[in-house]
Amino acid sequence: MPIDLSTIKGTVAIIPAAGIGERVGANKPKQYLTIGGRTILGLTLDKFLNFDPVELVVIVVSPNDQYLANLRYIENAKIVVIDGGNERVESVNNALSYLFDNGLPDDTAVMIHDAARPCVTHEDMVRLIETFNQNQKACFLALPVADTLQQLDDEQRVLGPLDRRNIVRALTPQMARFADFKHAVESAVINKLPITDDVSALVAAGQDVQMVIGRADNIKITVADDLALAEFYLRQQQVV
Ligand code: CTP
Ligand code: MG
(Lines give C-alpha, C1' and ligand atoms only; values in the text may rest on other atoms or scores of the structure.)
(Ligands and ions follow the chains in the order given, each with its own letter.)
Protein backbone atom coordinates (compact mmCIF):
# COMPACT_ATOMS: atom_id res chain seq x y z
CA MET A 1 0.00 0.00 0.00
CA PRO A 2 1.56 3.35 -0.99
CA ILE A 3 2.01 5.75 1.90
CA ASP A 4 3.07 9.37 1.85
CA LEU A 5 6.47 9.82 3.48
CA SER A 6 6.93 13.40 2.30
CA THR A 7 5.96 14.80 5.71
CA ILE A 8 8.50 12.80 7.72
CA LYS A 9 10.60 15.05 9.93
CA GLY A 10 12.32 12.54 12.19
CA THR A 11 14.85 9.79 11.54
CA VAL A 12 14.11 6.69 9.47
CA ALA A 13 15.70 3.40 10.56
CA ILE A 14 16.33 0.57 8.10
CA ILE A 15 16.86 -2.89 9.59
CA PRO A 16 18.16 -5.44 7.06
CA ALA A 17 16.86 -8.83 8.24
CA ALA A 18 16.71 -10.81 5.00
CA GLY A 19 19.80 -12.98 5.53
CA ILE A 20 19.80 -16.75 6.06
CA GLY A 21 22.38 -16.84 8.85
CA GLU A 22 24.51 -19.48 7.18
CA ARG A 23 27.46 -19.11 9.58
CA VAL A 24 25.31 -19.61 12.69
CA GLY A 25 24.01 -22.78 11.03
CA ALA A 26 20.71 -23.04 12.93
CA ASN A 27 17.43 -24.49 11.63
CA LYS A 28 16.07 -20.99 10.94
CA PRO A 29 17.56 -17.59 10.04
CA LYS A 30 19.52 -16.30 13.05
CA GLN A 31 17.37 -13.18 13.50
CA TYR A 32 14.51 -15.48 14.54
CA LEU A 33 16.48 -17.42 17.18
CA THR A 34 15.51 -16.44 20.70
CA ILE A 35 17.48 -15.07 23.62
CA GLY A 36 15.65 -15.05 26.97
CA GLY A 37 12.46 -15.97 25.11
CA ARG A 38 12.61 -13.07 22.65
CA THR A 39 13.66 -13.15 18.99
CA ILE A 40 16.83 -11.36 18.02
CA LEU A 41 14.92 -9.30 15.46
CA GLY A 42 12.32 -8.38 18.09
CA LEU A 43 15.05 -7.30 20.51
CA THR A 44 16.72 -5.16 17.84
CA LEU A 45 13.42 -3.68 16.69
CA ASP A 46 12.56 -2.66 20.24
CA LYS A 47 15.72 -0.61 20.56
CA PHE A 48 14.57 1.50 17.58
CA LEU A 49 10.88 1.69 18.51
CA ASN A 50 11.99 3.01 21.91
CA PHE A 51 14.33 5.61 20.43
CA ASP A 52 12.38 8.87 20.20
CA PRO A 53 14.04 10.41 17.12
CA VAL A 54 12.98 7.39 15.03
CA GLU A 55 9.70 8.07 13.24
CA LEU A 56 9.64 5.07 10.89
CA VAL A 57 11.32 1.64 10.89
CA VAL A 58 11.71 -0.23 7.61
CA ILE A 59 12.32 -3.94 8.21
CA VAL A 60 13.70 -5.81 5.22
CA VAL A 61 12.93 -9.53 5.19
CA SER A 62 13.27 -12.39 2.75
CA PRO A 63 10.37 -12.69 0.27
CA ASN A 64 10.03 -16.28 1.63
CA ASP A 65 9.95 -15.18 5.26
CA GLN A 66 7.71 -17.39 7.44
CA TYR A 67 8.50 -15.97 10.85
CA LEU A 68 7.97 -12.21 10.88
CA ALA A 69 4.19 -12.39 11.26
CA ASN A 70 4.61 -14.04 14.69
CA LEU A 71 6.70 -11.21 16.01
CA ARG A 72 5.36 -9.16 18.89
CA TYR A 73 4.96 -5.43 18.04
CA ILE A 74 4.85 -6.05 14.28
CA GLU A 75 1.42 -4.39 14.05
CA ASN A 76 2.81 -0.95 14.78
CA ALA A 77 2.10 2.22 12.81
CA LYS A 78 5.81 3.04 12.86
CA ILE A 79 6.80 -0.17 11.04
CA VAL A 80 6.81 -1.06 7.36
CA VAL A 81 8.05 -4.38 6.02
CA ILE A 82 9.53 -4.86 2.58
CA ASP A 83 11.22 -7.66 0.62
CA GLY A 84 15.00 -8.02 0.58
CA GLY A 85 17.42 -9.38 -2.00
CA ASN A 86 20.14 -12.00 -2.22
CA GLU A 87 22.89 -9.76 -0.85
CA ARG A 88 22.73 -7.36 2.07
CA VAL A 89 23.43 -4.42 -0.22
CA GLU A 90 20.42 -5.37 -2.35
CA SER A 91 18.21 -5.59 0.73
CA VAL A 92 19.28 -2.10 1.80
CA ASN A 93 18.82 -0.85 -1.76
CA ASN A 94 15.25 -2.19 -1.80
CA ALA A 95 14.50 -0.27 1.40
CA LEU A 96 15.97 2.94 0.01
CA SER A 97 14.00 2.53 -3.25
CA TYR A 98 10.81 2.01 -1.26
CA LEU A 99 11.49 5.23 0.67
CA PHE A 100 12.26 7.09 -2.55
CA ASP A 101 9.12 5.82 -4.29
CA ASN A 102 7.01 7.01 -1.36
CA GLY A 103 8.41 10.53 -1.36
CA LEU A 104 10.84 10.57 1.57
CA PRO A 105 12.58 13.99 1.52
CA ASP A 106 16.25 13.97 0.44
CA ASP A 107 17.44 15.53 3.70
CA THR A 108 15.88 12.95 6.01
CA ALA A 109 18.33 11.37 8.46
CA VAL A 110 18.57 7.60 7.87
CA MET A 111 20.09 5.03 10.24
CA ILE A 112 20.86 1.55 8.92
CA HIS A 113 21.30 -1.20 11.51
CA ASP A 114 21.85 -4.97 11.21
CA ALA A 115 19.02 -7.06 12.67
CA ALA A 116 21.82 -9.30 13.98
CA ARG A 117 23.01 -6.62 16.46
CA PRO A 118 20.39 -6.73 19.24
CA CYS A 119 22.79 -5.41 21.91
CA VAL A 120 23.06 -1.89 20.50
CA THR A 121 22.49 0.63 23.30
CA HIS A 122 20.47 3.81 23.59
CA GLU A 123 23.71 5.51 24.63
CA ASP A 124 25.44 4.62 21.33
CA MET A 125 22.42 5.66 19.27
CA VAL A 126 22.31 9.03 21.00
CA ARG A 127 26.03 9.63 20.45
CA LEU A 128 25.71 8.73 16.78
CA ILE A 129 22.74 10.97 16.10
CA GLU A 130 24.32 13.87 17.99
CA THR A 131 27.44 13.57 15.85
CA PHE A 132 25.29 13.48 12.72
CA ASN A 133 23.31 16.53 13.75
CA GLN A 134 26.41 18.50 14.71
CA ASN A 135 28.44 17.83 11.57
CA GLN A 136 25.64 17.19 9.05
CA LYS A 137 27.68 14.43 7.50
CA ALA A 138 27.62 10.65 7.42
CA CYS A 139 28.88 8.78 10.48
CA PHE A 140 29.00 5.28 11.94
CA LEU A 141 29.84 3.40 15.11
CA ALA A 142 33.28 1.82 15.07
CA LEU A 143 35.78 0.14 17.37
CA PRO A 144 39.57 0.09 17.42
CA VAL A 145 41.20 -3.29 16.80
CA ALA A 146 42.90 -4.97 19.78
CA ASP A 147 44.62 -7.95 18.14
CA THR A 148 47.66 -7.82 15.89
CA LEU A 149 46.49 -8.08 12.27
CA GLN A 150 48.54 -10.28 9.96
CA GLN A 151 48.01 -9.98 6.24
CA LEU A 152 47.98 -13.21 4.20
CA ASP A 153 48.49 -13.90 0.52
CA ASP A 154 46.21 -16.16 -1.51
CA GLU A 155 48.13 -19.25 -0.30
CA GLN A 156 47.64 -18.24 3.36
CA ARG A 157 51.32 -17.27 3.72
CA VAL A 158 51.85 -14.54 6.28
CA LEU A 159 53.03 -11.32 4.63
CA GLY A 160 53.39 -9.28 7.81
CA PRO A 161 51.39 -7.05 10.11
CA LEU A 162 48.98 -4.29 9.10
CA ASP A 163 49.16 -1.07 11.10
CA ARG A 164 46.13 -1.51 13.32
CA ARG A 165 46.19 2.20 14.28
CA ASN A 166 44.78 2.82 10.79
CA ILE A 167 42.03 0.22 11.07
CA VAL A 168 38.67 0.16 12.83
CA ARG A 169 35.89 -2.41 13.00
CA ALA A 170 32.77 -0.99 11.39
CA LEU A 171 29.65 -1.54 13.50
CA THR A 172 26.10 -0.34 12.94
CA PRO A 173 24.03 1.85 13.06
CA GLN A 174 25.52 3.77 10.16
CA MET A 175 23.93 7.11 9.45
CA ALA A 176 23.65 9.49 6.50
CA ARG A 177 21.33 11.83 4.69
CA PHE A 178 18.72 9.85 2.75
CA ALA A 179 19.76 11.09 -0.72
CA ASP A 180 23.41 10.23 0.02
CA PHE A 181 22.61 6.64 1.02
CA LYS A 182 20.25 6.27 -1.94
CA HIS A 183 22.81 7.40 -4.49
CA ALA A 184 25.71 5.45 -2.93
CA VAL A 185 23.94 2.14 -2.36
CA GLU A 186 22.28 2.20 -5.78
CA SER A 187 25.70 2.76 -7.42
CA ALA A 188 27.17 -0.09 -5.35
CA VAL A 189 24.45 -2.44 -6.62
CA ILE A 190 24.81 -1.29 -10.24
CA ASN A 191 28.60 -1.65 -10.09
CA LYS A 192 28.36 -4.96 -8.18
CA LEU A 193 30.72 -3.74 -5.45
CA PRO A 194 31.47 -6.58 -3.00
CA ILE A 195 30.56 -4.59 0.10
CA THR A 196 29.19 -5.76 3.45
CA ASP A 197 28.21 -2.45 5.02
CA ASP A 198 26.79 0.89 3.93
CA VAL A 199 29.74 3.09 4.84
CA SER A 200 31.66 1.18 2.15
CA ALA A 201 29.06 2.34 -0.38
CA LEU A 202 29.25 5.95 0.86
CA VAL A 203 33.05 5.98 0.65
CA ALA A 204 33.01 4.41 -2.84
CA ALA A 205 30.68 7.24 -3.87
CA GLY A 206 33.15 9.82 -2.61
CA GLN A 207 31.36 10.74 0.62
CA ASP A 208 33.20 11.91 3.69
CA VAL A 209 32.30 9.65 6.62
CA GLN A 210 33.15 10.19 10.26
CA MET A 211 33.56 7.43 12.84
CA VAL A 212 32.08 7.51 16.32
CA ILE A 213 33.65 5.14 18.85
CA GLY A 214 30.97 2.66 19.89
CA ARG A 215 30.57 0.23 22.76
CA ALA A 216 32.15 -3.23 22.57
CA ASP A 217 28.88 -4.95 23.51
CA ASN A 218 27.36 -4.03 20.11
CA ILE A 219 28.35 -7.39 18.61
CA LYS A 220 26.99 -8.86 15.39
CA ILE A 221 25.68 -12.36 16.01
CA THR A 222 27.60 -14.19 13.30
CA VAL A 223 28.52 -17.68 14.59
CA ALA A 224 26.71 -19.90 17.11
CA ASP A 225 29.03 -18.93 20.00
CA ASP A 226 27.94 -15.30 19.67
CA LEU A 227 24.48 -16.21 21.01
CA ALA A 228 25.78 -16.83 24.54
CA LEU A 229 27.80 -13.63 24.46
CA ALA A 230 24.80 -11.62 23.25
CA GLU A 231 22.70 -13.14 26.04
CA PHE A 232 25.35 -12.09 28.57
CA TYR A 233 25.32 -8.49 27.30
CA LEU A 234 21.51 -8.33 27.11
CA ARG A 235 21.25 -9.57 30.71
CA GLN A 236 23.80 -6.95 31.75
CA GLN A 237 21.61 -4.35 30.03
CA GLN A 238 18.58 -5.87 31.84
CA VAL A 239 16.85 -6.29 28.48
CA VAL A 240 16.20 -10.03 28.97
N1 CTP B 1 20.99 -9.34 5.36
C2 CTP B 1 19.95 -8.93 4.52
N3 CTP B 1 19.86 -9.42 3.26
C4 CTP B 1 20.75 -10.31 2.79
C5 CTP B 1 21.84 -10.71 3.63
C6 CTP B 1 21.93 -10.21 4.91
O7 CTP B 1 19.10 -8.13 4.94
N8 CTP B 1 20.62 -10.80 1.56
C9 CTP B 1 21.02 -8.86 6.75
C10 CTP B 1 21.07 -9.98 7.77
O11 CTP B 1 19.75 -10.47 8.03
C12 CTP B 1 21.75 -9.35 8.96
C13 CTP B 1 22.62 -8.25 8.33
O14 CTP B 1 22.20 -8.12 6.98
O15 CTP B 1 20.84 -8.75 9.87
C16 CTP B 1 24.10 -8.58 8.45
O17 CTP B 1 24.41 -9.70 7.64
P18 CTP B 1 25.07 -11.06 8.14
O19 CTP B 1 25.51 -10.93 9.56
O20 CTP B 1 26.04 -11.49 7.11
O21 CTP B 1 23.79 -12.05 8.18
P22 CTP B 1 23.50 -13.28 7.22
O23 CTP B 1 23.81 -12.92 5.81
O24 CTP B 1 22.13 -13.73 7.54
O25 CTP B 1 24.54 -14.37 7.77
P26 CTP B 1 25.53 -15.29 6.89
O27 CTP B 1 26.39 -14.31 6.11
O28 CTP B 1 26.30 -16.08 7.90
O29 CTP B 1 24.65 -16.12 6.02
MG1 MG C 1 25.84 -12.42 5.23
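**Burial.** I took buried to mean under 20% relative accessible area, exposed to mean over 50%, and partly exposed to mean in between, with a 1.4 Å probe and protein chains only. By that rule, 49% of the 240 residues in the chain are buried.

**Ground rules.** I am working with a predicted model, where local features need pLDDT of at least 70, side-chain atom pairs count only at pLDDT 80 or more, and totals for chains, interfaces and linings use all residues. Residues are numbered from 1 along each chain as its sequence is written, chains are lettered from A and ligands numbered from 1 in the order in which they are written, and side-chain values use heavy atoms, with hydrogens and water left out.

**Overall shape.** I counted elements as DSSP runs, numbered from the N terminus: helices are H or I with at least four residues, strands are E with at least two. The chain has 6 helices and 11 strands. Along the principal axes, its C-alpha atoms fill a box of roughly 55 × 40 × 35 Å. I then checked the radius of gyration, taken over C-alpha atoms, against the globule rule of 2.2 Å times the number of residues to the power 0.38. The chain has 18 Å, which agrees with the value near 18 Å for a compact globule of 240 residues. For contacts I used heavy atoms within 4.5 Å. Among contacts with a separation of 6 or more, 71% join residues 24 or more positions apart.

**Cores.** I defined a nonpolar core as a set of buried Ala, Val, Leu, Ile, Met, Phe, Trp, Tyr and Cys residues joined through side-chain atoms within 4.5 Å. The largest has 32 residues, and V12, I14, L56, V58, L99, L104 and V110 have the most contacts inside it. Elements that each supply at least two residues include β1 (11-17), β4 (54-61) and α2 (88-101). Which element gives the most to this core? The answer is α2, with 6 residues. I also looked up I14: its contacts include V58, L99 and V110, leaving out residues up to four places away in sequence.

**Ligand 1.** I called a residue near if one of its heavy atoms lies within 4 Å. Of the 19 residues around ligand 1, G21, E22, K30, S91 and K220 come nearest. Next came pairs of N or O atoms within 3.5 Å. A backbone N or O atom of P16 lies 2.9 Å from an oxygen atom of ligand 1.

**Q31.** Is Q31 buried or exposed? Q31 counts as buried because its relative accessibility is 5%. Q31 sits in the loop between β1 and β2 (34-35), and its side chain reaches the backbone oxygen of A17 at 2.8 Å. Beyond four places in sequence, Q31 touches A17, A18, G19, T39, I40, L41 and A115.

Most residues other than glycine have a negative phi, and most peptide bonds are trans. I found a cis peptide bond joining T172 and P173, with omega about 10°; P173 lies in strand β10 (residues 168-177). Phi of Q136 is positive, near 50°, and Q136 lies in the loop between α3 (122-135) and β7. With a relative accessible area of 57%, Q136 is exposed. Q238 has a positive phi of about 60° and is found in the segment after α6 (226-236). Q238 counts as exposed, at 73% relative accessibility.

Note on methods
Polar contact = N/O pair within 3.5 Å; in protein donor to acceptor, adjacent residues only side chain to side chain.
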